[in-house]
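Here's a quick briefing on a protein chain for you to explore.

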Amino acid sequence: SIMLSIGLLSLLTSSAYAVPLSSVPVGGLVISEIMHDTDVVADYRGEYIEIYNAHSDVIDINGLTVVSSGEAGFTVDQSITIPVGGYAVFAAQAGISVNGGNTSVDYQYAYSTFKITGAETITISNGGTTFDSVTYAPNTHPLLTGAALILDSSALSSTSNDTATNWCISGNVFGNGDYGTPGSANDGCNTIADLGFGDLLITEF
């Protein structure tokens, strides 16, 4: 019972010290991973995005609005806390039996109001504060069916993720076979697993 009490106290303490979105500055939350085109399941089941807490405090993201190009988007309507340096995953489906085996979903949104295509601008905001916005397209970013677009682990900021070369394709298998690291740290984009198109060329044989 002592162990249970300690665990409960830790949970309550974490929630109590989480700051609301109104206390979070621009850049305090960063878009860090985008699964725009799944392979092992249909898009309406497997799409997701991941955000990163770059702020100095635990953040309660209740009230966060997430919008993609031409879509109404969604607003998180429950208390979800992200630890400092931690991640939250928003997905079209939370059930692992239908979403391709993604076990790290923190919030399920309605696919009818938020779809992720191969050319997109995604924005996260609250009230008048836009924390981060990312624009990508096939002619600027490496895109591949079944692989998430991930932000280099050394570029986790709302300014660094505006640079296309800081994004690459994940080479890490998760769930039922797609590639990504939902809910956990990305690799650096200079690793073999996460090379983009054209990064390696055959020069002699």
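Let's begin with Ser160, which is partly exposed, with a relative accessible area of 23%. Here, buried means under 20% relative accessible area, exposed means over 50%, and partly exposed is in between (1.4 Å probe, protein chains only). Keep in mind that this is a predicted model, where local features need pLDDT of at least 70, side-chain atom pairs count only at pLDDT 80 or more, and totals for chains, interfaces and linings use all residues. Residues are numbered from 1 along each chain as its sequence is written, and side-chain values use heavy atoms, with hydrogens and water left out.

**More on Ser160**

- You'll find Ser160 in the loop between strand S11 (149-151) and S12.
- Leaving aside neighbours within four places in sequence, Ser160 is in contact (heavy atoms within 4.5 Å) with Ala155 and Asn166.
- Ser160 and Val30 sit 130 residues apart in sequence, yet 9.8 Å separates them in space, C-alpha to C-alpha.

**The chain as a whole**

- The chain has 2 helices and 14 strands; helices (H or I, at least four residues) and strands (E, at least two) are DSSP runs, numbered from the N terminus.
- There are 205 residues in the chain, and 44% of them count as buried.
- Take the contacts between residues at least 6 apart in sequence: 64% of these join residues at least 24 apart.

- S7 (residues 87-91) and S8 run parallel and are joined by 2 bridges, with Ala91 of S7 partnered by Gln108 in S8.
- S2 (residues 48-53) and S7 run antiparallel, with 5 bridges between them, and Ile49 has Phe90 in S7 as its bridge partner.
- S1 and S2 are also antiparallel, over 6 bridges, and Ile31 stands opposite Ile51 in S2.
- S1 and S11 are antiparallel too, joined by 2 bridges, where the bridge partner of Ile34 is Leu149 in S11.

- How many residues of S7 are buried? It's 5 of the 5, so S7 is largely enclosed by the rest of the structure.
- In a regular strand the side chains alternate between the two faces of the sheet.
- Both faces of S7 are covered: Tyr87, Val89 and Ala91 are buried on one side, and Ala88 and Phe90 are buried on the other.
- Strand S1 (residues 29-35) has 7 of its 7 residues buried, so S1 is largely enclosed by the rest of the structure as well.

**After strand S14**

- Thr181 is found in the segment after strand S14 (178-179), and its relative accessibility of 9% makes it count as buried.
- The side chains of Thr181 and Asn186 are joined by a polar contact of 2.7 Å. Such a contact is a pair of N or O atoms within 3.5 Å; within protein, one must be able to donate a hydrogen and the other to accept it, and residues adjacent in sequence count only if both atoms are side-chain atoms.
- Setting aside neighbours within four places in sequence, the residues in contact with Thr181 include Glu33, Tyr48 and Glu50.
- Beyond neighbours within four places in sequence, Gly183 is in contact with Glu50, Tyr87, Val89 and Ser104.
- Gly183 and Asp106 are 77 residues apart along the chain, and their C-alpha atoms are separated by 8.7 Å.

Terms used: Pairing = 2+ DSSP bridges.
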